Amino acid sequence: MTKKLFYSLGSLAMILLLSSVISILEYRRMSDYVSELIASNIKSINLSQKLADLTQEYNDQMLAVVVQNDISMMPDFNLDYFNAQSDSLRNSFTSSRMLPKVDSVVMSFDAFMKTSQMFDEVFLADTVNTGEWFFGSLQPCYNKFRKDMDVLNSAIHDELRTNSADFDAGFYRSIIPGVVSVSAGI
């Protein structure tokens, strides 16, 4: 009788231990996976903000040239750095549904840059009012870029919320085996 009691208590202890190990492993796996997704989302948010800031600074400097009517203040834009950052942004996404939004941002940025590269011709031309050109041609391209960037940022934030909710759900899902085994043991 003592042996049977010992074996039954031992098997209950093994079930509890095994379920606890499974719970810990499941939680750790889920935590690592979702933490990686959340880190990727945060990296994407930071990169998109950096791209938006770079473009806004360039647009503001272009406006200063127009307002002060001094082409010697013409800003330089580090296009290689921008392209490297946009490639990093594209690579930071884990879901392929975000790539069209990044492509949209890149295309609107390209349109903005092509328009801004005509600034020298417009500034030196006697027939074109630089202010009208800036607000009529360049600013709409910049506004399109900002709109596309806002759509991208909104999608990134939505994905971050989804990943956070997945983390919460995964936490409870990983605890269930432990709760069940403790209940069965009791």
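I take accessible areas from the Shrake-Rupley method with a 1.4 Å probe. The model I am looking at is predicted.

**Surface.** I looked up the accessible surface of the chain first. It comes to about 11500 Å². Carbon and sulfur atoms hold 60% of that surface. I then checked burial: 33% of the 186 residues are buried.

**Elements.** I counted five helices and zero strands. Read from the N terminus, the order is α-α-α-α-α. The C-alpha trace spans about 110 × 25 × 20 Å along its principal axes.

**Contacts.** I took contacts between residues at least 6 apart in sequence. Of these, 80% join residues at least 24 apart.

**Core.** I turned to the largest nonpolar core, which has 32 residues. Phe 93, Phe 109, Phe 112, Phe 119, Phe 145, Met 149 and Leu 152 touch the most other members. Helix 1 (2–68), helix 2 (79–92), helix 3 (99–116), helix 4 (119–124) and helix 5 (130–185) each give two or more residues to this core. Helix 5 gives the largest share, 11 residues.

Leaving aside residues up to four places away in sequence, Leu 152 touches Ser 48, Leu 89, Phe 93, Met 98, Lys 101, Val 102 and Val 105.

**Charges.** I noted 15 positive and 22 negative side chains. The centres of the two sets lie 20 Å apart.

Conventions:
Residues numbered from 1 in each chain as written. Predicted model: local features only at pLDDT ≥ 70, side-chain atom pairs only at ≥ 80, totals over all residues. Heavy atoms only, no water. Helix = DSSP H or I, 4+ residues; strand = E, 2+ residues; numbered from the N terminus. Buried < 20%, exposed > 50% of the residue type's maximum accessible area, 1.4 Å probe, protein only. Contact = heavy atoms within 4.5 Å. Lys, Arg positive; Asp, Glu negative; His and termini not counted. Charge placed at Lys NZ, Arg CZ, Asp CG, Glu CD. Core = buried A, V, L, I, M, F, W, Y, C linked by side-chain atoms within 4.5 Å.
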